Amino acid sequence: MSKPSGSSLAAWLSGLESPRLERVLAVRADAVSPPEPRSFGELADRLQRPGSVALVLSGLALPQLQVAEALAVLGPAPRAALADLLDAGGAESARGLDAALDALADHALVWPDGEGLLHMAAPLRQAWDSPLGLDAPLARLLADTTSEELRRMLVALGVQSPGNAKRQRLAALVDHHSDPERVAAVVAGAPAATRKLLERRASHPAGQPAESEAEFIILGVPRADSEPGAHWALERGLLVQDRHRYGPARMPAEVALALRGADWRAPFEPVPPDARTTPVTSADVDREAAAAATAFAAHAASVLATCSASPPSLLKSGGVGARELSRIGKAAQCDGIVVRLALETASAAGLLARDGSQVAATEGYDAWAEREPAERLTVLLRAWWTLPLTPTQSRDEDGKALSALAGTPPCGGCAQARQGLLTAAARLPADRGVKDPAELGPLVAWFRPLVHQLPQDTTPFATVVREAELLGVIARGALSRIGAALRTDDAEALPAACQQLLPTATRAARFGADLTAVVTGTPSAHLAALLDTVADREVGGTASVWRFSPGTVRRALDTGRTPDAVVADLAAVAVGALPQPLSYLIHDTARRHGRVRVAPAACVVHGEDPALLAELAAHRKLAGLGLRQLAPTVLVSRTPLDKTLAALRDAGYAPVAEAADGTVRVEKTRRHRAAAPVPPPRPPGGTPGGRNPSARRAQASATVDLSGLATRLRAAPAITPEPDPAGGVPFGTDTEEIVAGYARLLSLADVRQLAHAIDEGRPVTIEYVAASGNRTVRTLSELDLDPPHLYAWCHLRDDERVFTLSRIQGVMPG
C-alpha cells in the first residue's frame, strides 16, 4: 500500500497534534468504537463511509451545511475562494466561517492539505444532487466529448486551440468558462432568444426544469436544440447535451455562476435567528423547573404503579392502544401526553417490558419505586435523552393514531431534535428566556436543519418543546439546571441538579374530617402503598388526594390487617391526630367485617348468627348463588367461592374467605412481574445503538481510551491489516465481517454477495422471514447498513422498509 498523498484524509489525520486528534476521535465515536482502527488509513476509510457520513449530517448546524454545500460546488478550493462565494468578508461572517470549518474538520468531513486547499469527503459531496442549484462542472459534463467537438467549440468562441490533444483543448475551454467576464462578453453577443434561455437556466435550480423544458421532456422531442436559442449555446459549450439521457441540455456550474453576476453569493447564515426574549432570573427558572419536574416524577410513579397493579394489554398489531392509555391516565390522574412519556421512558430504562400480550413491570421497577423522587427522575431523564424516538408522538404522517410502546425502528433525528433544542436554549443570552416556547422552534431548525419535524406539530418542534417543559428541562423559556446537565452528558451533574430542584419524598399526610388524605409533593413508596391499600386516589401531581370509604377500608381488612393496625399505621404517617370520622369508619367497617365467612365446598357459607344466615338464604338478590341451608348457621352454595364472595359484598354484606382448615384467608394482591428485557445481540466488534448518535457516542466514550488510541494509531504500520478471518477464510471487507456477525443463517457466499451490494449500492434479492413467520422474497435497492438492521427500498412494497439481518435466509442477485 502506497503512502497516503498529502491531500488525503489519512495524511491530514497523521499530521494532527494529539489533542486535536483525540477531539476528532471523540466527535466521531461511531468510527472508533471496537474494533478499534489499526492505522490512519483504516480510520480514514471508516470516517468516509457513506453510512458514517450520513450519521453525522443530521447533527450539523445550518452554517456548517451551507459551507459544505458551497465547497461541494467549488471542489478543492482555498479558503479565500470559499469566503468570497459565501460573502464572508466581514468580521462576524469570517468568525462564523472559521467555526463552521472547524466543526466540519472535527467530524473529518472537510480538511486542508499542505497547499492550503480545502478537501471534502466524497460521500458528503454526493449528499447534494445539485449544490446551490448548480449542475456539474464543465470538465465532468464534457468528459465524453471528442477532441474534434472541443475544437469546434473553441473556434466558435474565438479561442485558439493550444494543441491537438483532447486534454489540452478541454483545459482551454474550462479556463475560458471559468472567467466570468469572458462568459458575460460571449453571452452579451448572443441572439436574444439565447440570452433569454441562458438567463432563465442560470437562475433555475439544476434538475428542476422550467415549465417549457418540462413540456419538452414529456413530449420526448429527440433534439436538444429544439428550443429557440439552444443551438447557439451548445456550439459554444455554454450548454452541454447529456448523451446518456433525454432531456434539456445541462448548464455547467461555471457558466451558471458567471451569469448569476458578480454580486451573487451563496446563502450563509453564521448566526442563529433572533428570538423575542424576556428577562428571567435563575431563581424563576429553578422554581418553575422544580414544579414541572416534581409533578412529572409524581405522575410517572402513579402511571407505573397502575401498570404494576394492572398490566396494560397490547394490541394485536403491537403497542398500547388508546383505550389502555385512557384507562392508565384516568387511574393515574394525568394527561395522555404524560402517560406516553412515562411509558416510553420507563420502557427504555428497563422498568417495563413486554410479557406475552401485556406490558408488565420488571423487577427493576420495585427498586426504582423505593428511591427518592430525584433519583427516579434521573433514571427517566437519561432514558429520554438517548431515546431513539419521540415518545409523545401520537399521529403519523397520514394523521392516523399511533400506539405507545409500538417498537418503531430507531430514529436518530429524534435524538438530534432534542440536542438541537437544548443547544438552542443554551445559546440564549444570560438571564433571558423566550417569551413564547414556540420561539424555540426556529432556533432548533437553525441548529439542526436536517432533522425531520413531526407532522402533528402545528409549530416547528412543538412536541419536543412540550416534552422538555414537562420534564423540567426547559422552564420560563430558558434552559434549567437539569437541561444543562443533560446537554453536557455529565454523569454526576444530572443527579445533583435533580437533588437541588426536587424535594425529598413526602412521608406524612394530612387527614381531613371529610375522609380524605392530602399529600403535598411526591409521596414515598411506603406512604403511597399504605394509602392505596386503605383509600382510592382521586388526584395526583404536585399534590395527591386519597378518599376513604367503607369499601376501601374493607379492602385493607381483606389483606389480613386488624382495625387497630390500620389506625396505627395511618396515625404513624399523619400530621397531627387522625380525625374521629375516619377512626369511626375503620372500626364500624371492622365490626361488620367477617361476620359472614365463606368456606370452599363448592362452597359453604357459615356464621354465628342463625338469623343472618336465614336472611342470606331468603335474599332475592342472592338466589342466583343457589344457597341451601344445611343448619341454622351453615349454608351451601352451588357457586364457586370467589363469585359467592363478590355477590355477598355487592349485596351489602361483609363476608371473609376461609381456608379449608377454618382459618381466615388473607387476600393479598399478587404483583405481576415480567422478566428484564434482553439486550440485543452484540456483533463481533459491533456497536449497539442503532441510528442514535448520542447512544453511540456514550458507548464509545465508555469503552475506548481516546488518548491511548491516538498513541497506537501513530505507531501503527502504514498498511491496514486484513480483516479478521471467519472459519479460516478472511473477510474481504469490514462490511462482510459486520453482516456475518448478525446474519448468522447466511453462508459465506451469501454474506459476501450482500456485503458487496451494500458497498457498491447495487440491488439485491433476499429471502426474508418476517416477524409473523411469513417467508417472502424481496428485491431491495438503496441499501443502508445500520446493524442489526438493514434500511432499503423494497420494490415489493414500493416504500422504504427496515429489515433485521438475523431474519435474512438467503441472498440472490437483484
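1. The second largest pocket has a volume of about 1300 Å³. A pocket here is an open set of points on a 1 Å grid over the protein atoms alone, with protein on both sides within 12 Å along at least five of seven lines; a cavity is a set where a 1.4 Å probe fits but cannot get out. Volume is the space filled by probe spheres set on the points, and points are joined across faces, edges and corners. The model is predicted: local features need pLDDT of at least 70, side-chain atom pairs count only at pLDDT 80 or more, and totals for chains, interfaces and linings use all residues. Residues are numbered from 1 along each chain as its sequence is written, and side-chain values use heavy atoms, with hydrogens and water left out.

2. Which residues lie nearest the centre of the second largest pocket? They are Ala309, Ala528, Ala529, Asp532 and Thr533, from a lining of 40 residues (an atom within 4 Å of a point). Elements giving two or more residues to this lining are α18 (282–309), α19 (322–332), α21 (363–369), α28 (525–534), β12 (536–539) and α29 (550–558). Helices (H or I, at least four residues) and strands (E, at least two) are DSSP runs, numbered from the N terminus. The lining divides into 15 nonpolar, 9 polar and 16 charged residues. Nonpolar means Ala, Val, Leu, Ile, Met, Phe, Trp, Tyr, Cys and Pro; charged means Asp, Glu, Lys and Arg; the others, Gly among them, are polar.

3. Helix α19 also packs on α20 (336–348). Their axes come within 9 Å and cross at roughly 100 degrees, which makes α19 roughly perpendicular to α20. Axes are lines fitted to C-alpha atoms, for helices over the stretch in contact, and angles run from 0 to 180 degrees between N-to-C directions. Under 35 degrees is roughly parallel, over 145 roughly antiparallel, 65 to 115 roughly perpendicular, and the rest oblique. Leu325, Ile328 and Gly329 of α19 meet Val339, Arg340 and Leu343 of α20 (contact: heavy atoms within 4.5 Å). By class, that is 4 nonpolar, 1 polar and 1 charged.

4. The loop between α19 and α20 holds glutamine 333. Its phi is near 60 degrees, a positive value in a residue other than glycine. Most residues other than glycine have a negative phi, and most peptide bonds are trans.

5. A cis peptide bond joins proline 787 and proline 788, with omega about 5 degrees. Proline 788 sits in the loop between β23 (775–786) and β24 (789–794).

6. Helices α23 (residues 412–426) and α25 (residues 462–470) have axes that come within 10 Å and cross at roughly 65 degrees. That makes α23 roughly perpendicular to α25. Ala417, Arg418 and Leu421 of α23 contact Val464, Val465 and Ala468 of α25. The classes are 5 nonpolar, no polar and 1 charged.

7. For α22 (residues 373–386) and α26 (residues 481–488), the axes come within 11 Å and cross at roughly 50 degrees, which makes α22 oblique to α26. This crossing is right-handed. Leu377, Leu381, Trp384 and Trp385 of α22 contact Ile482, Leu486 and Arg487 of α26. The contact has 6 nonpolar, no polar and 1 charged residues.

Methods: A crossing is left-handed if the near helix is turned anticlockwise from the far one by less than a right angle, and right-handed if clockwise.
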